[in-house]
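Student: I have this one open in the viewer and would like to go through it with you. Could we begin with the strands and then move on to the charged pairs?
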Amino acid sequence: MDYFSLILSVLFFVNIFFGIVIIFFERRNSGATWAWLMVLVFLPIVGFVLYLIFGKNLSRKKMFKWVGKEKIGIKEQITDQIESIKQGTFPFQHDDCSTRKEQIYMHLVDDGALFTEDNEVKIFTDGREKFDALLHDIEQATNHVHIQYYIIREDGLGRRLVEALTNKAKQGVETKLLYDYMGSRKITSSFFKAYREAGGRTEAFFPYLHLNYRNHRKLVIIDGAIGYVGGFNVGDEYLGLDPKFGYWRDTHLRTEGKIVHALQTRFILDWNQASRRNKLTYQPRFFPDPQPAGNVSAQIVSSGPDTEQQQIKNGYVKMIFSAKQYVYLQTPYFIPDDTLLDALKIAALSGVDTRIMIPNKPDHPFVYWATLSNAGELLKAGVKVYLYEKGFIHAKMVVADDAIASVGTANIDPRSFRLNFEVNAFLYDGETASALRKTFEDDMLDSKELTVEDYENRSMFTKFKESVSRLLSPIL
């Protein structure tokens with residue numbers, strides 16, 4: 001037997017071995033299992049290399065540790081909230097919350113997401129407005145600025161942000177900047193030179209390792225009193241300056257109140273996971289006593305590949321099943337698993353006004369075609385599908401019944417639900433939910449409704465691209 005035949009034989013048995021591992025040991029969902037098996041069968045030389053790099057599941061060990069977390073009493077507060085909701089004695093301040101107590105209870109048990117009230121929330125849908133507000137808040141900081149983004153570009157907006165942080169560091173304000181290593185892989189070391197010389201700290205999440213598991217969260221905490229969470233990253237395209245995408249439509253929140261403590265806790269956990277030498281410890285200045293700021297009740301829910309549960313997806317599904325009047329959903333990538341797909345179908349078939357909005361232009365072609373395929377399947381169940389045409393819609397928003405909404409970083413796809421570290425705010429407030437519904441309805445004016453006839457009359461080539469993309473979507 002020549003060496004070439006020997007190598008092929010070895011690769012064949014290696015592929016069989018990985019196939020056995022995927023089916024019997026990895027405990028993946030059926031879609032991901034079939035997708036990886038196809039890659040291994042049809043790409044015998046490349047397939048197992050791709051699996052080694054991207055396919056291996058992350059260890060379920062506890063990744064995020066923070067010595068001192070107990071000092072702010074989170075565990076005790078969560079235990080008290082769980083027991084009082086279970087016994088029916090929790091003193092909800094608003095009817096929007098008491099009618100959603102099952103969802104609140106689920107997030108407490110599923111994720112340890114502390115329920116907070118008396119928060120103020122401001123909604124941003126335009127990048128210029130969001131970053132103008134953020135830079136103004138940073139300028140006013142007196143104690144600390146903690147920032148975390150998946151993508152930070154070395155461009156105009158990126159420089160403005162780093163310069164603002166450099167100025168605060170020179171004033172003695174503690175500044176910490178956490179970015180994802182892969183999402184921000186184009187950053188050069190010189191980009192942070194002046195910032196670091198001024199005393200600012202940076203850390204990269206998962207450098208070199210775990211290429212398939214990324215920190216997709218976007219958080220800012222200023223003086224423990226102001227918090228930001230949502231879909232915008234840091235780059236000129238998020239200001240609508242990239243001709244490829246045009247206007248960038250996203251959703252982001254500026255928050256005040258005790259909800260900021262939850263965002264601060266999330267940042268500290270992520271920072272300490274990424275940092276070896278500059279870990280954060282409990283300090284009262286990170287958690288100042290919040291003053292009642294508004295009427296919004298909320299939970300900050302995190303999810304990631306280090307847990308068995310898919311906490312944010314569970315929250316979406318619960319919202320959909322609980323909807324009585326309407327449920328509106330915006331996402332740039334729509335690749336739901338069977339549970340979420342069935343939930344949307346059942347809602348529509350039950351008479352709930354069910355609508356989804358997706359982009360009408362691709363930033364990732366395979367994901368785009370898979371998105372269209374999944375959206376098209378919902379049309380026959382009565383779901384209304386809108387294709388956003390003004391630019392690129394990147395918002396991750398679900399709103400139902402003018403009572404509950406979710407805004408954050410999680411898309412409707414396997415990567416967000418199983419592979420990325422994500423964070424969403426679940427908001428229990430009629431006024432906020434109504435405002436988010438209004439943003440959806442305004443976006444409908446810049447969208448085209450996809451009809452059953454449009455979908456059925458697409459070309460054979462389009463159908464082929466959709467079918468292949470949908471089949472491979474669990475591992476894209």
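Student: What is the bridge partner of Leu177 in S4?
Tutor: Thr202 is the bridge partner of Leu177 in S4, where strands are DSSP runs of E with at least two residues, helices are DSSP runs of H or I with at least four residues, and both are numbered from the N terminus. This is a predicted model, in which local features need pLDDT of at least 70 and side-chain atom pairs count only at pLDDT 80 or more, while totals for chains, interfaces and linings use all residues. Residues are numbered from 1 along each chain as its sequence is written, and side-chain values use heavy atoms, with hydrogens and water left out.

Student: How many bridges join S3 to S4, and do they run parallel or antiparallel?
Tutor: Strand S3 (residues 174–180) and S4 run parallel, joined by five bridges; two strands pair if DSSP finds at least two bridges between them.

Student: Why is S4 described as largely enclosed?
Tutor: Four of the five residues of strand S4 (residues 201–205) are buried, so the rest of the structure largely encloses this strand. Buried means under 20% relative accessible area, exposed means over 50%, and partly exposed is in between, with a 1.4 Å probe and protein chains only.

Student: And the whole chain, how much of it is buried?
Tutor: Of the 476 residues of the protein chain, 57% count as buried, and the chain has 17 helices and 16 strands. Among contacts between residues at least 6 apart in sequence, 81% join residues at least 24 apart, a contact being heavy atoms within 4.5 Å.

Student: On to charges, then: how many salt bridges are there?
Tutor: The count comes to 19 salt bridges, the rule being a side-chain nitrogen of Lys or Arg within 4 Å of a carboxyl oxygen of Asp or Glu. One of them joins Arg285 to Glu174, with the closest N and O atoms 2.6 Å apart. That pair links distant parts of the chain, since Arg285 sits in the loop between helix H10 (259–274) and strand S8 (296–303) and Glu174 in strand S3, 111 residues apart.

Student: Is Glu174 buried or exposed?
Tutor: Glu174 is buried, with a relative accessible area of 16%, whereas Arg285 is partly exposed at 29%.

Student: Which residue does Arg214 pair with?
Tutor: Arg214 forms a salt bridge with Asp180, the closest N and O atoms being 3.0 Å apart.

Student: What about Asp402, which residue forms a salt bridge with it?
Tutor: Asp402 forms a salt bridge with Arg437, where the closest N and O atoms are 2.8 Å apart. Asp402 is in the loop between S13 and S14 and Arg437 is in helix H15 (residues 430–444), 35 residues apart, and thus the pair links distant parts of the chain. Asp402 is partly exposed, with a relative accessible area of 26%, while Arg437 is buried at 19%.

Student: Where is Asp401?
Tutor: Asp401 is in the loop between strand S13 (397–400) and strand S14 (404–408), and this residue is buried, with a relative accessible area of 11%.

Student: Which backbone nitrogens lie by a polar atom of its side chain?
Tutor: The backbone nitrogen of Lys324 lies 2.8 Å from a polar atom of the Asp401 side chain, and the backbone nitrogen of Tyr326 lies 2.9 Å from one. Leaving aside neighbours within four places in sequence, the residues in contact with Asp401 include Arg100, Ser322 and Gln325.

Student: Ser322 is in H11, I think; which residues of that helix are buried?
Tutor: Among the buried residues of H11 are Gln311, Gly315, Tyr316, Met319 and Ser322. Nine of its twelve residues are buried, so H11 is largely enclosed by the rest of the structure.

Student: Last one: where is Thr116 found?
Tutor: Thr116 is found in strand S1 (residues 116–126) and is buried, with a relative accessible area of 4%. Thr116 and His261 are 145 residues apart in sequence and 9.5 Å apart in space, C-alpha to C-alpha.

How values were computed. Polar contact = N/O pair within 3.5 Å; in protein donor to acceptor, adjacent residues only side chain to side chain.
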